Amino acid sequence: MPATQRIDALAGLIGRTVAVRGWVMTTRSSGKIAFVVLRDGTGYLQAVLSKKEVPAAAWGTVGALTQETSVEVTGTVRADSRAPGGGGVELQVTDLRILGASADFPITPKEHGTAFLFEHRHLWLRSRRQVAIARVRHEVIQAIRDFFYERGFVLVDTPILTGAIGEHAGTLFATDYFDLGKAYLAQTGQLYVEAAAAALGKVYCFGPTFRAEKSKTRRHLTEFWMVEPEVAWNDCNDNMTLQEEFVAYVVARCLERRKAELAELQRDTAPLARCVPPFPRISYTDVVETLKGLGATMEWGRDLGGDEETLLAKQYDRPVMVFNYPKAVKAFYMKENPADPRTVLNNDMLAPEGYGEIIGGSQREDDYDRLLARIKAEGLPLEAYGWYLDLRKYGTFVHSGFGLGVERTVAWICGIPHIREAIAFPRTLYKLWP
Ligand code: 4AD
Ligand code: MG
C-alpha cells in the first residue's frame, strides 16, 4: 500500500505512486475514461481513471461518486500544467475506494440564497471560496501574532467573564454569576492589558469579544475576534504609527503568502498593495468640514456613521486615521485632549473601499482625578473600577493601545461584502446555529 499524501505535497512527488484521501467535487466520464476532481483541504486534484487500467470494482464505483463522497484513490502522480486542480499535477488512478457515500449534498454548483447557505454553514465551509477565506483569515491571525512577537510584545490572555463594563453599557451580554451578581461577556480586554502593560511594558491580548448589538449591518457581529495591543509610554501619535506599521504588515503578508486564495476570491490586489505607511491622519474637526464639502449633512459632535466613513475613505487610496473625536461619543477611558477638552486623544482607522472602521484606539486617561470624574459622569459602578483606578494611583504612566477587529480586516482583505463570511460560524442577531 503506497503512502497516503496530501494534495499540496504531490507536486514534489511526480512519477511516484501515492494514495490520496479526499472528497469528490465533480465527475465526468466518457464511458472509457473518467475524470474525478477531488479536494482534501490542502488543494484540488484531478484523478483520471481509465476503464482498462483500473480493477472492475473501482470502475464500477464511478457512477456512485456523487458530490462530497469521501474516497481513497491510489495512482501515479503526473505533471500536467493544465489539470483543473491547479497544482500542476494530476493522478493516473490505479485503484479507487469509496469511504463514505454522499447522497443529495444540499449545496450544489447552482446558485443558492444567502439564508440557505448560512443554514448549511457546516457544509458550505467546504466550498472553494469559503476555503480561500478561511486560509486568508488563518494568515491574518498568524501575521498578527508574528508582528507582535517580532517586536517584543508579550501575549496576555484576558478574561471573557468580567465584572466591569469595558465599552458601552448598552451592549452587554450578562449572565448570573453564583453569589457575585452579574458577569458580563467581555466587550474588550483593554482594561486588563492596561494593568499588564505596567507589568510587562508592551503587551497584547487576542480573543473573542462580545457585543449585544442589535445592528443588522454588514459590519457587525455579536461575537468577533479582536487583537488589542497596549504600550507603556506610547502617546496617541506613537499609537497611530504602530497601527499603520501593523496593518501594512498584515496586508503585505497576505499578498505574499495568500496569492492563490486572493485569486480564487477574484480580489483586485492593487488597492491592497497601496497599503504602505504613512497613512493619512486627519482630525475629526477637519473631517467634519471635508464631509460638508462633499455634500454630507454632518455637524460637529456627531459620531461618524458607516456612510460618512465610506464617503471619507473614498478620498484616499489607503487606510485613513481620524483622530481627536468629541469626548461625548467615545468611551470613558480615553484621555482628554489638553489642547481642546471637547475632544479626546483617540483615533479610528478606516479601511478603504467602503469597509469602514477596522481599528479603534486611544491614549488612556492616566490622571486619577479625571478618570474618576469620567467614571462618575458615565454612571458606571465605582466599586467595579477600583482596581482600574489603582493603575493611576501606583506609578501612573502615559499609555496607549488599540483594538483591531479580525473579521472586518479579513472581509476587507478578501474583498467580500459581509463580515459574516469572515468567520467559520458567525454569531449575529439572527444566528446562533449551526
Ligand atoms: O472601537 P472598539 O469598540 O474599541 C475597543 O473595544 C477598544 N477597547 C479597543 C482598544 O483600544 N483596546 O472596537 C475595536 C474594533 C473596531 O474598530 C472593529 O474593527 C471591531 O473592533 N468591532 C467589531 N467587529 C465586528 N462586530 C462588531 N460588533 C464590532 N465592534 C467592534
Ligand atoms: Mg470603535
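The legends below describe close-up views of a predicted model.

**View 1. A nonpolar patch on the surface that includes Leu180.** Leu180 sits in the loop that runs between β8 (174-176) and β9 (182-185), and Leu180 counts as exposed because its relative accessibility is 67%, where exposed means over 50%.

**View 2. The salt bridge between Arg392 and Glu194.** The two side chains meet at 2.7 Å, N to O. Because Arg392 belongs to the loop between α12 (386-390) and β16 (399-405) while Glu194 belongs to helix α5 (residues 190-200), the pair ties together parts that are 198 residues apart in sequence. Arg392 and Glu194 are both buried.

**View 3. The salt bridge between Glu244 and Arg281.** Here the N to O distance is 3.2 Å, and the pair ties together parts that are 37 residues apart in sequence, since Glu244 lies in helix α6 (residues 236-257) and Arg281 in strand β12 (residues 281-283). With 6% relative accessibility Glu244 counts as buried, whereas Arg281, which has a relative accessible area of 31%, is partly exposed.

**View 4. The salt bridge between Asp340 and Arg342.** In this pair the closest N and O atoms are 3.2 Å apart, and Arg342 is partly exposed, its relative accessible area being 47%.

View 5. The structure as a whole holds 31 salt bridges.

Terms used. Residues numbered from 1 in each chain as written. Chains lettered and ligands numbered in written order. Predicted model: local features only at pLDDT ≥ 70, side-chain atom pairs only at ≥ 80, totals over all residues. Heavy atoms only, no water. Patch = residues over 30% accessible without salt bridge, like charges linked within 9 Å, V, L, I, M, F, W, Y side chains within 5 Å. Areas by Shrake-Rupley, 256 points an atom, 1.4 Å probe, with all protein chains shown as cover. Salt bridge = Lys/Arg side-chain N within 4 Å of Asp/Glu carboxyl O. Helix = DSSP H or I, 4+ residues; strand = E, 2+ residues; numbered from the N terminus. Buried < 20%, exposed > 50% of the residue type's maximum accessible area, 1.4 Å probe, protein only.
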